[in-house]
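The exercises below are meant to be worked through with the sequence and the coordinates open side by side. Try each task before reading its solution.

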Amino acid sequence: MTRHSFGGDWTRVKLDTLEKYLDIYTTAMKNQKFNFHYVDAFAGTGQRDGEDDPTHSLIKEIETLKGSATRALECKKPFDHYHFNDTNPHHVKALRELAAQHPDKKVNVTQEDANVFVQHFCHDMRPMDRAIVFLDPYSSELEWSTLKAIRNTEKVDLWLLFPISTLLRITPRNGPRDEWGSAIERMLGTSDWRELYEEQPLTMDLFGEHREEVRRQDYKKVVDFVTTHLRRLFPFVDDPFHLDQRGRLLFLLYFCVSNPSPAALALARKLSAAIRKSQK
Ligand SMILES: C[S@@+](CC[C@H](N)C(=O)[O-])C[C@H]1O[C@@H](n2cnc3c(N)ncnc32)[C@H](O)[C@@H]1O
């Protein structure tokens, strides 16, 4: 059996939020005649395995949780099609076993890079298709071009786990590193991230020479930058959920809607309000 232990306490928040959304969405859409797809591009194994860390007895054990693929299969009103994808062959095997436990559901399991997989899926969508896409990478595997492909469908609602701690790490406070520029641009699809750096007033060094310094703005400005950037792409992007571990911000969980129609946007606002209310 493949064990897959990842994340932290915040993983429960992420998965419970997704599950709540899937239940509310499928219930709201139950009388619609579309073909509904659930697409999990970083699907894992269907389970988050618990882990006891004997070397750090003060650190809380990671609890076993149902993973995103299992939660989608078990949601109140089923989807017409499920697409589970992962690059790890052991995870793919576990996903096939999970699919076999649900013979009544149409499940397609693939082993591709998530960017290639999602872009193909979006390209092949037909007029009556609608999809929920969940993008749950470990870190910076996701490319902005994939988000653009999702936006262009106008048929996908997206749940996106954005690795803000990775972005903060590769945009250090004391000045940009050019060698990381292309990785940042792959993540964000723009060179505008350099605007996060501000020139500091001239200072005099020990030898009486002027030094000009740039500094990255604080993490809240980086969060705002990512949110604003997503809002330029998608017609609806809700305020992100902040997922942190012991006070350290790790990920942002975004709900983005690609359909610009007033009806879709009204539904998105309703669903997002219902999720936030259920979490109080
Ligand atoms: C955080 S885990 C996903 C957890 C899963 N959503 C769940 O709730 O159980 C990230 C997964 O992405 C897979 N992965 C890493 N890089 C990938 C890539 N480029 N394309 C597709 N899958 C990838 C890993 O093998 C891992 O299973």
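**Exercise 1: the ligand shell**

Sort the residues around the ligand into nonpolar, polar and charged classes, and name the closest residues.

Solution. In this predicted model, the shell around the ligand divides by class into 7 nonpolar, 7 polar and 5 charged residues. Altogether 19 residues surround the ligand, and the closest of them are F42, G44, G67, S68 and A114.

**Exercise 2: the packing of α1 and α9**

Describe how the axes of helix α1 and helix α9 cross, and then list which residues meet.

Solution. Two packed helices are described by the angle between their axes and by the distance between those axes. Step one is the geometry: the axes of α1, residues 10–28, and α9, residues 262–278, come within 10 Å and cross at roughly 135°. That angle makes α1 oblique to α9, since angles over 145 degrees would count as roughly antiparallel and 65 to 115 as roughly perpendicular. Step two is the handedness, and the crossing of α1 and α9 is right-handed. Step three is the contact itself, in which T17, K20, Y21, I24, Y25 and A28 of α1 meet L267, L271, A274, I275 and S278 of α9. By class, the residues of this contact are 8 nonpolar, 2 polar and 1 charged.

**Exercise 3: the chain as a whole**

What are the secondary structure content and the overall dimensions of the chain?

Solution. The chain comprises 9 helices and 14 strands, and its C-alpha trace spans about 75 × 50 × 40 Å along the principal axes. For 280 residues, a compact globule would have a radius of gyration near 19 Å, and the 21 Å of the chain agrees with this.

Note on methods:
Residues numbered from 1 in each chain as written. Predicted model: local features only at pLDDT ≥ 70, side-chain atom pairs only at ≥ 80, totals over all residues. Axes fitted to C-alpha atoms, helices over the stretch in contact; angles between N-to-C directions. Helix = DSSP H or I, 4+ residues; strand = E, 2+ residues; numbered from the N terminus. Parallel < 35°, antiparallel > 145°, perpendicular 65-115°, else oblique. Left-handed = near helix turned anticlockwise from the far one by under 90°. Contact = placed C-beta atoms within 7 Å. Nonpolar A, V, L, I, M, F, W, Y, C, P; charged D, E, K, R; others polar. Near = placed C-beta within 6 Å. Rg over C-alpha atoms; globule rule 2.2 N^0.38 Å.
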